[in-house]
Amino acid sequence: ARVIIGDARTTLAAQTWQANAWFLDGFSPAKNPELWDADLMTQVGAHTSPGGTAATYTAAGFVRRNLAEAGFTVTRIPGFGRKRHMTQAIMSTT
């Protein structure tokens, strides 16, 4: 696991590594939409290994679209507990 302290909107772009898996959560898109915007999801995509995955409890349409635009194949799947749906994504290998 790697933990980077700071605002992801500025710290992620400065990183040189690629992740095999992301768990994108902790902040509701309704309460913190800036942490789910296209620019940050583009950085997530740029820092994801081919075939890498992302998962989040949110199923918000704009989050799924931003992940897709960042190069992920995105699927809305059944959620856990009281969550009706969640999102899983796989980075293209091409």
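Which residue of β4 stands opposite arginine 76? Threonine 87 in β4 stands opposite arginine 76. The model described here is predicted.

## The sheet

Four strands make up an open sheet of mixed pairing, and their order is β1-β2-β4-β3. At the edges are β1 and β3, the latter covering 72-78, and each of these pairs on one side only. From one strand to the next, the twist averages 15 degrees.

Strand β4 spans residues 85-91 and pairs with β3 in the antiparallel sense, over seven bridges. Besides the arginine 76 and threonine 87 positions, isoleucine 77 stands opposite methionine 86 in β4. In a regular strand, side chains alternate between the two faces of the sheet.

β3 and β4 form a hairpin, with six residues between the two strands. Glycine 81 lies in the turn and has a positive phi of about 55 degrees.

## Valine 63

Which residues does valine 63 contact, leaving aside its neighbours within four places in sequence? They are Pro29, Trp36 and Thr58. Valine 63 belongs to helix α3. Its relative accessible area is 0%, so valine 63 counts as buried, the limit being under 20%.

Valine 3 is 60 residues away from valine 63 in sequence, and the two are 22 Å apart in space, C-alpha to C-alpha.

## A nonpolar surface patch

Phe23, Tyr57 and Phe80 make a nonpolar surface patch of about 350 Å². Phenylalanine 23 is classed as exposed because its relative accessibility is 54%, and exposed means over 50%.

How many salt bridges does the structure hold? It holds one, formed by arginine 9 with aspartate 7, and the closest N and O atoms of the pair are 2.6 Å apart. Arginine 9 counts as partly exposed, at 44% relative accessibility. Aspartate 7 is also partly exposed, with a relative accessible area of 32%.

Threonine 10 is found in helix α1, which covers residues 8-11. Is threonine 10 buried or exposed? With a relative accessible area of 56%, threonine 10 is exposed. Along the chain, threonine 10 and alanine 21 are eleven residues apart, and 20 Å separates their C-alpha atoms.

Key
Residues numbered from 1 in each chain as written. Predicted model: local features only at pLDDT ≥ 70, side-chain atom pairs only at ≥ 80, totals over all residues. Heavy atoms only, no water. Patch = residues over 30% accessible without salt bridge, like charges linked within 9 Å, V, L, I, M, F, W, Y side chains within 5 Å. Areas by Shrake-Rupley, 256 points an atom, 1.4 Å probe, with all protein chains shown as cover. Salt bridge = Lys/Arg side-chain N within 4 Å of Asp/Glu carboxyl O. Buried < 20%, exposed > 50% of the residue type's maximum accessible area, 1.4 Å probe, protein only. Pairing = 2+ DSSP bridges. Axes fitted to C-alpha atoms, helices over the stretch in contact; angles between N-to-C directions. Contact = heavy atoms within 4.5 Å.
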